Amino acid sequence: MPAGGGHAMVRHAVASVPAFARCAVRPHTPPAPTPRAPFTPEGTTVTVTEETAPLSHFERIGGTKSVKAAVDLFYDKVLADPELAGYFTSVDMAGQRRHMVLMLTVVLGGPNEYTGRSLAEAHQPLNIPLEHYVKVGGHLTATLTELDVPADILADVQAVLGQVQDQVVSGGDPAGV
Ligand code: HEM
C-alpha cells in the first residue's frame with residue numbers, strides 16, 4: 001500500500017456510507033477559533049466592530065501635524081532646487097504652504113477646507129513645462145518616502161499627481177479653470 005493510502009481509503013469509506021449523512025458523529029474538524037480582540041504590542045486590547053469605519057489616509061499618517069511636516073519638507077526641497085526656486089521668488093510662502101497643506105489633506109481623504117484657487121487658475125499663467133512638473137512630483141515622492149508614508153498611500157498620491165498634470169502643465173487640457 002502506498003504511504004498515506006490507508007488514510008485516503010478510510011475517508012473514502014466513511015463518505016460513501018449513505019447513513020453517514022444522518023449520523024450525529026462527524027469527522028473531526030478543528031474547533032473554530034474563539035474570537036478575541038487583537039493585542040497591540042503594548043498589550044492593550046482594541047475592540048474591532050463591524051461599525052468601525054476604515055481610517056482615511058489622512059488619519060493613518062497622523063492628520064494635520066503630519067501633513068504640515070510633509071509640506072514643509074516638500075517646499076524645502078523645491079526651494080533648494082535651482083531649476084524651481086525662481087517660480088517662488090515673489091510668492092508668499094506661508095500662504096503657499098497653508099494652501100498646499102489643505103490641498104494635500106483633501107487628496108488624502110481628510111476634511112475639505114481648501115480655499116485657494118483651482119490648480120489651473122494658479123498654474124496656467126506660470127507656463128510650467130512638463131520637465132518642471134516631473135521635478136516637483138519627484139520632490140513630493142521623495143518627501144513622502146523619507147517620512148515613511150506607507151506604499152499604498154504613496155501610490156494613491158502619485159495617481160492624483162497624474163490626474164492633475166494637465167491642470168498644472170502649460171498647454172495641457174485644464175479642467176476646472
Ligand atoms: C504637482 C502638483 C501641484 C500641486 C498639487 C500644486 C499645488 C499648489 C497649490 C495648492 C497652490 C496654491 C494656489 C493658491 O494659493 O490659490 C499652488 C501655487 C503655486 N504653485 Fe503649485 N502645485 C503643483 C505643481 C506645481 C509646479 C510643478 C510648480 C512649478 C514648477 C508650481 C508652482 C507654484 C507657484 C509658483 C504657485 C504660486 C502661484 C501664485 O501665487 O500666483 N506648482 N500650487
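Colleague: Why are α6 and α7 called roughly antiparallel?

Modeller: This is a predicted model. In it, helix α6 (residues 130-146) packs against helix α7 (residues 151-168) at an angle of about 160°. Angles over 145 degrees count as roughly antiparallel. The pair is therefore roughly antiparallel. Their axes lie 11 Å apart, and α6 passes α7 in a right-handed crossing.

Colleague: Which residues in α6 meet which in α7?

Modeller: From α6 come Tyr133, Gly137, Thr141, Leu144 and Thr145. They meet Leu154, Val157, Gln158, Leu161, Gln165 and Val168 in α7. This contact divides into 6 nonpolar, 5 polar and no charged residues.

Colleague: What surrounds the ligand?

Modeller: A shell of 22 residues. The closest are His99, Gly116, Arg117, Ala122 and Val136. The elements giving two or more residues to the shell are α4 (93-107), α5 (119-123), α6 and α7. By class, the shell has 15 nonpolar, 6 polar and 1 charged. Arg counts as charged, and Arg117 is one of the closest residues.

Colleague: How many helices and strands does the protein chain have?

Modeller: There are 7 helices and 0 strands. The pattern along the sequence is α-α-α-α-α-α-α.

Colleague: How much of the protein chain counts as buried?

Modeller: Of its 177 residues, 11%. To count, a residue needs 20 or more other C-beta atoms within 10 Å of its own.

How values were computed:
Residues numbered from 1 in each chain as written. Predicted model: local features only at pLDDT ≥ 70, side-chain atom pairs only at ≥ 80, totals over all residues. Axes fitted to C-alpha atoms, helices over the stretch in contact; angles between N-to-C directions. Helix = DSSP H or I, 4+ residues; strand = E, 2+ residues; numbered from the N terminus. Parallel < 35°, antiparallel > 145°, perpendicular 65-115°, else oblique. Left-handed = near helix turned anticlockwise from the far one by under 90°. Contact = placed C-beta atoms within 7 Å. Near = placed C-beta within 6 Å. Buried ≥ 20, exposed ≤ 12 C-beta atoms within 10 Å, placed from the backbone.
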